[in-house]
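Keep the viewer open while you read.

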Amino acid sequence: MKKLIIIACALLPVCAYAWGLEGHRIIGEIAQQHLTKKAKKQIVAVLGGSTIAMEANWGDFVKSDTAYRACSPWHYNNFEAGLDHATFDSLAMRQDRGEAVYRIYDLADRLRQNPNDTVALRFLIHIVGDIHCPMHMGRPDDRGGNKIKIKWFGHDTNLHALWDDKLIDGQKLSYTEYAAHIMRTQPYTYERFESSQVIDWAWQTVQNGEEIYATYDLAARPYNYMFRFKNMWESSLMLGGLHLAALLNDIYK
């Protein structure tokens with residue numbers, strides 16, 4: 001049994017989860033609030049009466065099903081430090097660096113051909129959230145921050161786990177409360193979806209990651225760290241929701 005467990009763990013993907021339950025649901029709630037009436041009606045029907053927020057973690061839950069094991073690289077991309085924009089653009093669609101950016105285009109195309117494809121819709125909802133999490137556009141040498149060990153309020157953790165859920169869960173709000181707060185306080189402009197935008201979304205996440213990597217030692221002072229980065233993670237959640245809504249409105253127009 002121990003041997004089987006070791007083998008299974010070796011097959012787990014780099015950068016296993018993004019945002020955690022709360023973060024993905026916040027993005028889903030924000031997206032739900034920005035759907036057109038037509039898109040909302042169709043999406044609720046495809047999801048069997050459920051909402052984007054409640055389906056937003058399906059992409060992680062389904063990892064327990066071995067039938068979806070090949071989908072593990074869909075959740076992330078990994079890029080070396082210090083890439084310029086042009087080099088990043090040339091690498092973003094390469095599947096040997098993770099498949100998140102590529103899969104958003106692929107899943108969107110599948111849904112345009114078959115809007116009732118529930119699996120494609122659930123994956124798309126989840127992966128759009130993933131590419132807005134800085135550690136899911138992280139670096140290959142540290143497994144998206146998993147190897148960068150830090151202390152958070154005296155407890156051992158790592159940079160990936162900090163940005164997955166600890167920052168958001170530490171606010172002690174429900175996903176609906178936090179989504180409502182972000183929509184009230186984050187300035188934004190809703191834009192119609194253009195296909196070129198997906199790589200731009202990922203590039204912005206990479207830029208956020210550069211700052212996070214450069215300052216990870218600040219986590220030793222948790223309150224100072226939260227003060228510095230709160231706007232970044234809330235802005236990322238807001239943009240994740242808006243971008244997801246724009247894409248879904250385009251598909252279900």
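This is a predicted model: local features need pLDDT of at least 70, side-chain atom pairs count only at pLDDT 80 or more; totals for chains, interfaces and linings use all residues.

Let's start with α9 and α12. Helix α9 covers residues 159-169 and helix α12 covers residues 222-251. Their axes sit 11 Å apart, and the packing angle is about 80 degrees. An angle from 65 to 115 degrees counts as roughly perpendicular, so α9 and α12 are roughly perpendicular to each other.

Which residues in α9 and α12 meet? From α9 come Leu159, Leu162, Trp163, Leu167 and Ile168. From α12 come Tyr225, Met226, Phe229, Met232, Trp233 and Leu237. Sorted by class, this contact has 11 nonpolar residues, with no polar and no charged ones.

**Salt bridges**

How many salt bridges does a search of the whole structure find? The count is 14. Here are three of them, with the N to O distance for each pair.

| Pair | Closest N to O distance |
|---|---|
| Arg94 and Asp96 | 2.7 Å |
| Glu234 and Lys230 | 2.7 Å |

Is Arg97 buried or exposed? Arg97 counts as buried, because its relative accessibility is 17% and the cut-off for buried is under 20%. Glu80 has 36% relative accessibility and counts as partly exposed.

The salt bridge of Arg94 with Asp96 looks like this by accessibility: Arg94 counts as partly exposed at 38%, and Asp96 counts as exposed at 57%.

Glu234 and Lys230 bring us back to helix α12, where both of them lie. Four residues separate the two, about one turn of the helix. Glu234 counts as buried, with a relative accessibility of 4%, whereas Lys230 counts as partly exposed at 28%. Elsewhere on the list, salt bridges that share partners join Asp109, Arg112, Asp250 and Lys253 into one network.

Next, have a look at His24. You'll find His24 in helix α2, which spans residues 20-33. With a relative accessible area of 1%, His24 is buried. What does His24 touch, not counting residues up to four places away in sequence? The residues in contact are Ala18, Trp19, Ala56, Asn57, Asp60, His126, Gly129 and Asp130.

Arg139 belongs to the loop between α8 (118-130) and β1 (149-152). Its relative accessible area is 17%, so Arg139 is buried. The side chain of Arg139 makes a polar contact of 3.1 Å with the side chain of Glu210. Not counting residues up to four places away in sequence, Arg139 touches Asn78, Phe79, Ala81, Gly144, Glu210 and Tyr213.

Ala120 sits in helix α8 and counts as buried, at 0% relative accessibility. Leaving aside neighbours within four places in sequence, Ala120 is in contact with Leu107, Arg110 and Leu111.

**Positive phi without glycine**

Finally, two backbone angles to look up. Arg143 has a phi near 55 degrees, which is a positive value in a residue other than glycine. Arg143 is in the loop between α8 and β1, and with a relative accessible area of 32% it is partly exposed.

Lys172 is not a glycine either, yet its phi is positive, about 60 degrees. Where does Lys172 lie? Its place is the loop between α9 and α10 (175-185). Lys172 is exposed, because its relative accessible area is 71% and over 50% counts as exposed.

Terms used:
Residues are numbered from 1 along each chain as its sequence is written. Side-chain values use heavy atoms; hydrogens and water are left out. Buried means under 20% relative accessible area, exposed over 50%, partly exposed in between (1.4 Å probe, protein chains only). Contact means heavy atoms within 4.5 Å. A polar contact is a pair of N or O atoms within 3.5 Å; within protein, one must be able to donate a hydrogen and the other to accept it, and residues adjacent in sequence count only if both atoms are side-chain atoms. Axes are lines fitted to C-alpha atoms, for helices over the stretch in contact, and angles run from 0 to 180 degrees between N-to-C directions. Angles under 35 degrees count as roughly parallel, over 145 as roughly antiparallel, 65 to 115 as roughly perpendicular and the rest as oblique. Ala, Val, Leu, Ile, Met, Phe, Trp, Tyr, Cys and Pro count as nonpolar, Asp, Glu, Lys and Arg as charged, and the others, Gly among them, as polar. A salt bridge is a side-chain nitrogen of Lys or Arg within 4 Å of a carboxyl oxygen of Asp or Glu.
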